[in-house]
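Subject: Structure handover

Hello,

Here is the structure I promised you. Please open it and keep it in view while you read my notes.

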Amino acid sequence: GTSSGKAYEEQVAREVEAFRSARAEGLRAALGAREVLEGMASGMVERIFVDPDDPYPGLVCSSCGTRFPELHARCPYCEGDLVAASMTQEVVAYSLSHPPLELTFVKAPWLKDLGGMAALLRGKGARRSRTSKGMLSRGG
C-alpha cells in the first residue's frame, strides 16, 4: 500500500465518521437510494457515499430524466418510457456534473445495509445549534 492510499483511507474514515455522527444526532442523513435521490433533487445533498462494487438497480425516464430506485411501469410525472439504469452510476455522474457535491466511495457492510447508498445532507434545516460544547470537552 502506498502512503497516498493510506491517506485516502483515513480521509474516507473521517468522512464516514462525520456521516455517522450526523446520523446519530438525528441530523440530516439520507439512507438508501430513494432518500439520496430526493436529496439530490432538492439540492440538499452535501456528500454522497456509494459502494462501487454494489450497483443499485433502478430506472431513468427517457423523456424527463427523473430517476427512480423502485419499479414503475411508466414515468409517473410525464408518462415517458423508463429504461433500466444503475442508480449508483447515475449518482456518480450527477455528482461529477454538480460541483461542489462531494462523493465518497465506501466498501462497507453498513453501506450495503442501506442499499449501497447514503448521503450527508446540508444542515440548513437543522434546528439545533452546531456548537455542542458537551461533546467537545475533554475529561480532566
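One definition before we start: a residue is exposed when its relative accessible area is over 50%, buried when that area is under 20%, and partly exposed in between. Keep in mind that this is a predicted model.

**Exposed and buried sides of helix 3**

With those cut-offs, look at helix 3. Gln89 and Leu96 are exposed, and they sit on the face of helix 3 turned away from its buried side. Which residues of helix 3 are buried? They are Met87, Thr88, Val91, Val92, Tyr94 and Ser95. These residues cover an arc of only 165° around the axis, so they are on the same side of helix 3. An α-helix has 3.6 residues a turn, so residues three or four places apart point the same way.

Apart from neighbours within four places in sequence, Ser95 is in contact with Leu101 and Leu103.

**The whole chain**

Now step back. The protein chain has five helices and seven strands. Along the sequence they follow the pattern α-β-α-β-β-β-β-α-β-α-β-α. The chain has 140 residues, and 35% of them count as buried. Take the contacts with a separation of 6 or more: 69% of them come from residues 24 or more positions apart.

**Helix 2 and its partners**

Helix 2 covers residues 32-41, and its buried residues are Gly32, Ala33, Val36, Leu37, Gly39 and Met40. Seen down the axis, they fall within an arc of 160°, so they line one face of helix 2.

What do these buried residues pack against? Their partners are strand 1 (29-31), strand 2 (45-50), strand 4 (67-68), helix 3 (87-97) and strand 7 (117-121). Just after helix 2 comes Gly43, with a positive phi of about 70°.

**How helix 2 meets helix 3**

Two packed helices are described by the angle between their axes and the distance between the axes. For helix 2 and helix 3, the angle is about 25° and the axes are 12 Å apart. That angle makes helix 2 roughly parallel to helix 3. Their crossing is left-handed.

Which residues meet there? Helix 2 brings Val36, Leu37 and Met40, and helix 3 brings Met87, Val91 and Tyr94. The residues of this contact divide into six nonpolar, no polar and no charged.

Start with Phe49, in strand 2. Is Phe49 buried or exposed? Its relative accessibility is 0%, so Phe49 counts as buried. Leaving aside neighbours within four places in sequence, the contacts of Phe49 include Glu15, Phe19, Trp110 and Leu120. Phe49 and Gly32 are 17 residues apart in sequence, and their C-alpha atoms are 9.9 Å apart in space.

Next is Val60, in strand 3 (residues 57-61). At 12% relative accessibility, Val60 counts as buried. Not counting residues up to four places away in sequence, Val60 touches several residues, among them Gly65, Leu82, Met87 and Glu90. The C-alpha atoms of Val60 and Gly80 are separated by 9.6 Å, and the two residues are 20 residues apart along the chain.

Glu102 is partly exposed, with a relative accessible area of 38%. Its contacts, leaving aside neighbours within four places in sequence, are Glu46, Arg47 and Ile48. Glu102 and Leu120 are 18 residues apart in sequence and 9.6 Å apart in space, C-alpha to C-alpha.

**Two backbone points**

Most residues other than glycine have a negative phi, and most peptide bonds are trans. Check these two places against that.

- Glu79 is not a glycine, yet its phi is positive, near 65°. Glu79 is in the loop between strand 4 and strand 5 (82-86).
- Pro99 and Pro100 are joined by a cis peptide bond, with omega about 10°. Pro100 is in the loop between helix 3 and strand 6 (102-105).

Best wishes

Note on methods. Residues are numbered from 1 along each chain as its sequence is written. This is a predicted model: local features need pLDDT of at least 70, side-chain atom pairs count only at pLDDT 80 or more; totals for chains, interfaces and linings use all residues. Side-chain values use heavy atoms; hydrogens and water are left out. Buried means under 20% relative accessible area, exposed over 50%, partly exposed in between (1.4 Å probe, protein chains only). Helices (H or I, at least four residues) and strands (E, at least two) are DSSP runs, numbered from the N terminus. The arc is that of the directions from the helix axis to the C-beta atoms. Contact means heavy atoms within 4.5 Å. Axes are lines fitted to C-alpha atoms, for helices over the stretch in contact, and angles run from 0 to 180 degrees between N-to-C directions. Angles under 35 degrees count as roughly parallel, over 145 as roughly antiparallel, 65 to 115 as roughly perpendicular and the rest as oblique. A crossing is left-handed if the near helix is turned anticlockwise from the far one by less than a right angle, and right-handed if clockwise. Ala, Val, Leu, Ile, Met, Phe, Trp, Tyr, Cys and Pro count as nonpolar, Asp, Glu, Lys and Arg as charged, and the others, Gly among them, as polar.
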